[in-house]
Amino acid sequence: MSTYLSDYDYFLPEELIGQKPREPRDSAKLMLINRKTGEIEHKHFYNIIDYLQKGDVLVRNATKVIPARIYGHKESGGVLEVLLIKRISIDTWECLLKPAKKLKLGQKLYIGENKELIAELLEIKEDGNRILKFYYEGSFEEVLDKLGSMPLPPYITRKLENKDRYQTVYAQRGESVAAPTAGLHFTEELLRRISEKGVEIVDIFLEVGLGTFRPVQTENVLEHKMHEESFEISEKAAKAINEARAQGRRIISVGTTATRALESSVDENGKLIAQKRDTGIFIYPGYQFKIVDALITNFHLPKSTLLMLVSALYDREKMLEIYNLAVKEEYHFFSFGDSMFIY
């Protein structure tokens with residue numbers, strides 16, 4: 001097991017960072033990695049159905065992304081970018097401000113042509129995040145939908161034409177500020193066919209936070225502190241997954257966010273617990289998976305905790321070889337990138 005950050009690095013040409021979603025969704029490339037045989041295949045995402053079996057349980061994160069990026073101006077006219085991170089109460093949010101020092105305690109930001117949203121700075125946290133109180137009429141969600149834009153990661157430089165393309169087709173509820181991107185490749189039609197094949201589809205929820213994009217700052221990865229995200233696993237979901245495991249059926253996680261929720265909610269007997277709480281679980285090589293048998297995921301950033309997670313499911317050196325192969329085969333990387341299925 002390597003704990004050196006530099007051991008999770010690889011070279012990625014900038015032109016392979018996916019700047020826009022594949023059309024249609026399920027036309028993305030799919031790399032298939034058989035952990036038992038070491039065999040690697042190159043297909044398209046719509047071929048995933050051929051590698052799923054009757055009785056498999058497909059666990060997906062059905063969280064919804066909110067248009068969390070908004071722009072406001074001070075009374076003096078200075079413009080600031082606000083990124084909502086976490087809701088504290090009905091009208092109060094923890095936020096990132098840019099440029100942060102331009103807004104003093106008690107000062108207000110006016111958002112929208114008719115000042116439909118007003119934000120007041122209540123507190124400056126130790127980590128530099130800001131606590132803002134919002135004033136508005138009607139529903140905050142409706143006002144935000146009108147004024148906000150999708151909080152795309154910093155490596156995506158192209159404007160997103162359609163907000164729905166940074167949303168899974170099965171998104172139900174939630175306040176995520178980043179998409180569970182492994183699920184972006186599914187279409188309603190593909191999911192229908194998967195279900196008809198006898199694959200059980202189970203929804204859980206994890207609010208994806210900005211920590212997803214936070215780089216690891218320590219050379220010894222064990223010193224890295226994970227961000228916390230709230231998740232919810234219902235009684236129904238836990239029952240379905242526990243029954244499948246008792247019968248020896250595969251639990252296939254759609255994405256690292258679903259994986260983190262599942263692996264955070266296991267009792268001492270290896271049973272999945274229904275609960276709603278926060279998790280700061282950090283999965284890296286040496287970790288023994290308790291629930292997840294296989295993983296559908298995108299290609300992750302160099303030196304990231306997500307690359308460490310997939311290296312824990314397979315082998316770090318082999319995973320880096322796979323990433324180098326993906327570069328050679330010109331797969332697209334990151335949020336709007338292509339997919340892999342590790343099984």
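Me: Is helix 4 buried or exposed?
Reply: In this predicted model, eight of the eight residues of helix 4 (residues 256–263) are buried, so the helix is largely enclosed by the rest of the structure.

Me: Which residues are the buried ones in helix 4?
Reply: They are Thr256, Thr257, Ala258, Thr259, Arg260, Ala261, Leu262 and Glu263.

Me: OK, new topic. How many salt bridges does a search of the whole structure find?
Reply: The search turns up 19 salt bridges. One of them pairs Glu23 with Arg165, where the closest N and O atoms are 3.0 Å apart.

Me: Where in the chain do Glu23 and Arg165 sit?
Reply: Glu23 is in the segment before strand 1, and Arg165 is in the loop between helix 1 (140–147) and strand 11. The two are 142 residues apart, so this pair links distant parts of the chain.

Me: And are those two buried or exposed?
Reply: Glu23 counts as exposed because its relative accessibility is 56%, and the cut-off for exposed is over 50%. Arg165 counts as buried, at 10%.

Me: What does Lys163 pair with?
Reply: Lys163 forms a salt bridge with Asp145, and their closest N and O atoms are 3.9 Å apart. Lys163 is in the loop between helix 1 and strand 11, while Asp145 is in helix 1, 18 residues apart. Lys163 is partly exposed, with a relative accessible area of 29%, and Asp145 is partly exposed too, at 46%.

Me: What about Arg316, which residue does its side chain meet?
Reply: The side chain of Arg316 meets that of Glu317 in a salt bridge of 3.7 Å, N to O. Arg316 is buried at 18%, whereas Glu317 is exposed at 51%.

Me: Which residues are linked in a network of salt bridges?
Reply: Arg87, Glu141 and Glu175 are linked that way.

Me: Which side chain does His185 join in a polar contact?
Reply: That would be Asn298, with a polar contact of 2.9 Å between the two side chains.

Me: Last one! Which residues gather in a patch of negative charge on the surface?
Reply: Glu14, Glu15, Glu329 and Glu330 form that patch. Glu15 is found in the segment before strand 1 (29–33), and Glu15 is exposed, with a relative accessible area of 64%.

Methods: Residues are numbered from 1 along each chain as its sequence is written. This is a predicted model: local features need pLDDT of at least 70, side-chain atom pairs count only at pLDDT 80 or more; totals for chains, interfaces and linings use all residues. Side-chain values use heavy atoms; hydrogens and water are left out. Patches are made of residues with over 30% relative accessible area and no salt bridge: like charges are joined within 9 Å, nonpolar side chains (Val, Leu, Ile, Met, Phe, Trp, Tyr) within 5 Å. Accessible areas come from the Shrake-Rupley method with a 1.4 Å probe; for residues, only the protein chains shown count as cover. A salt bridge is a side-chain nitrogen of Lys or Arg within 4 Å of a carboxyl oxygen of Asp or Glu. Lys and Arg count as positive and Asp and Glu as negative; His and the chain ends are not counted. The place of a charge is taken as NZ of Lys, CZ of Arg, CG of Asp or CD of Glu. Helices (H or I, at least four residues) and strands (E, at least two) are DSSP runs, numbered from the N terminus. Buried means under 20% relative accessible area, exposed over 50%, partly exposed in between (1.4 Å probe, protein chains only). A polar contact is a pair of N or O atoms within 3.5 Å; within protein, one must be able to donate a hydrogen and the other to accept it, and residues adjacent in sequence count only if both atoms are side-chain atoms.
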